[in-house]
Amino acid sequence: MLPAYDSRIFTMIYSRMSIISVILCGYFAEGSNDVSNTTCSFACRCSDDDEVFCYKVGLRSLPSDLPASSMLLNLAGNIIRILPYNTFRDVPALQILWLNQNNLTFLYPGAFIALGNLKELNLSWNPRLTYLHAHTFRGLFSLISLDLSHCNIFDIHPLVFSHVSALEFLDLGSNKMQYIPQALRKLHNLTRLSLENNCIRAVGKNSFKFQLGLEDLNLRRNRIWGIQVEAFSQLNKLSVLNLGHNSISHLPNQLFRGLGQLRIMYLQANKIDQVNCSFNSLVQLKKLHLNNNRITQITHNAFSSLKQLQFLQLNKNNLTSLPSYLFSRMPKLKGVFLSYNPWSCDCSLAWIANWMVNYEGTIRGLNCVFALSYRTTSEVFTHNGVVCIQDDMAEEDTCLESLIDSAPELTVYLYFFTIPLGLSHFIFCVSLL
């Protein structure tokens, strides 16, 4: 016969089991919700931060089962050819979209129309992409960064950027454009613009008239031979200007007027043969690259306004001499690079012996030897014993129309030593490559 149990015990046990079952049901229900929220496309990999990676998985079109909460979508390295209208309607929360290194040939007008939250769009390295329709970027009113580099774009509709007025960074480098696109006039908020490695031949006075906030402008490796005087006059926030590796031969004196905040100027590998007063308005300039040009002459006051200049590149030009005390008006100068020029090493360069005595920076590439007299600072001797009488400061030249450029570098070490010569003593300044 079974022992008799108090009914209260059974009641207590039953109530505890009910509580446990409720807890377990809630746990599994919560777990099932987590799984549904992180469901990922079979071809992709998803993270807990709403990031979806479908990199190099052979996709020909957008997967249909992407999480609706996706914030970042990486579709790079696939073989997607066409983006139909409203392609991304199932992922409206996207903020970052990478479509680089695909096989894109055409972007239907309104392909991105559902992506009102998108901040960054990368379409680079799509070599079959040659043209942009007026409404290609319709709906992208929050877009900040757009990369269209390394495609084969040769034409852009004038209204294509009217839908992305908030854009701050635009890369159109390594395309086939022969002129600066008129479509840029719609982009008033740009701070960085790259048109590097295209086929642009000229820069007009209105080319950047509406980009008043530009801070970095890259026109490197084009075929630019002509720049109108007022081309940069409105860019008073510009900090970096890259005009290197073009065909520029003449820089008018007022060409860079208005660039009062410019810090770095690249003009290397052009065809400049003279430097006149083109840089007088660049009062904040710190680095000037004029290497690999054809410079034979520099005006005496060419750099007189560059009080903040720290580095000057004049390597690989055709310079045989420099105006007296050319560098003395640049008190913050830290490095002067003069290698691979056919220096004459005669009295026209003797002033450098005096200037080097107090200069604390680096000079590279001037392989001349001068002797400086102890008795007077105005007598300098060349390595052949020729006495050079130096004026304290030559008179300033007038500003003539001329050109500019700079060059690479070769290390120069300076040694000072004295030797007795009868009643006089001399200090020798020797620069060695």
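Guide: A quick definition before we start: a residue is buried when its relative accessible area is under 20%. Keep in mind too that this is a predicted model.

Visitor: Which residues of helix 2 are buried?
Guide: Helix 2 covers residues 351-358, and six of its eight residues are buried, so the rest of the structure largely encloses it. Going by that under-20% cut-off, the buried ones are Trp351, Ile352, Ala353, Asn354, Trp355 and Met356.

Visitor: How many residues does helix 2 give to the largest nonpolar core?
Guide: That core has 109 residues, and the members touching the most others are Phe112, Phe137, Phe208, Phe256 and Phe303. Helix 2 is the element that gives the most to this core, and its share is five residues.

Visitor: What angle lies between the planes of phenylalanine 88 and phenylalanine 112?
Guide: To describe a pair of aromatic rings, you take the distance of the centres and the angle of the planes. The count of aromatic pairs here is 13. For phenylalanine 88 and phenylalanine 112 the centres are 5.7 Å apart and the pair is stacked, with planes at 5°.

Visitor: How many residues apart are those two, phenylalanine 88 and phenylalanine 112?
Guide: Both phenylalanine 88 and phenylalanine 112 are buried. Phenylalanine 88 is in the loop between strand 4 (82-83) and strand 5 (96-98), while phenylalanine 112 is in the loop between strand 6 (106-107) and strand 7 (120-122). The pair thus links distant parts of the chain, and the separation is 24 residues.

Visitor: Is asparagine 246 buried or exposed?
Guide: Asparagine 246 belongs to the loop between strand 16 (240-242) and strand 17 (264-266). Its relative accessibility is 7%, and since the cut-off is under 20%, asparagine 246 counts as buried.

Visitor: Which residue has its backbone oxygen 3.0 Å from a polar atom of the side chain of asparagine 246?
Guide: Among the residues asparagine 246 touches are Arg220, Arg223 and Asn270. The backbone nitrogen of arginine 223 is 3.4 Å from a polar atom of the asparagine 246 side chain. The backbone oxygen at 3.0 Å from such an atom comes from leucine 243.

Visitor: Which residue lies over the face of tyrosine 340?
Guide: A charge sits over a ring only if, among other things, it is within 6 Å of the ring centre. Here the distance from the ring centre is 5.6 Å, and the residue is lysine 316.

Visitor: What percentage of the residues in the chain is buried?
Guide: The chain has two helices and 28 strands. Out of its 433 residues, the buried part is 46%.

Key: Residues numbered from 1 in each chain as written. Predicted model: local features only at pLDDT ≥ 70, side-chain atom pairs only at ≥ 80, totals over all residues. Heavy atoms only, no water. Buried < 20%, exposed > 50% of the residue type's maximum accessible area, 1.4 Å probe, protein only. Helix = DSSP H or I, 4+ residues; strand = E, 2+ residues; numbered from the N terminus. Core = buried A, V, L, I, M, F, W, Y, C linked by side-chain atoms within 4.5 Å. Phe/Tyr/Trp six-rings, centres within 6.5 Å; stacked < 30°, edge-to-face > 60°. Lys NZ or Arg CZ within 6 Å of the ring centre and 35° of its normal. Polar contact = N/O pair within 3.5 Å; in protein donor to acceptor, adjacent residues only side chain to side chain. Contact = heavy atoms within 4.5 Å. Lists of a residue's contacts leave out its neighbours within four places in sequence.
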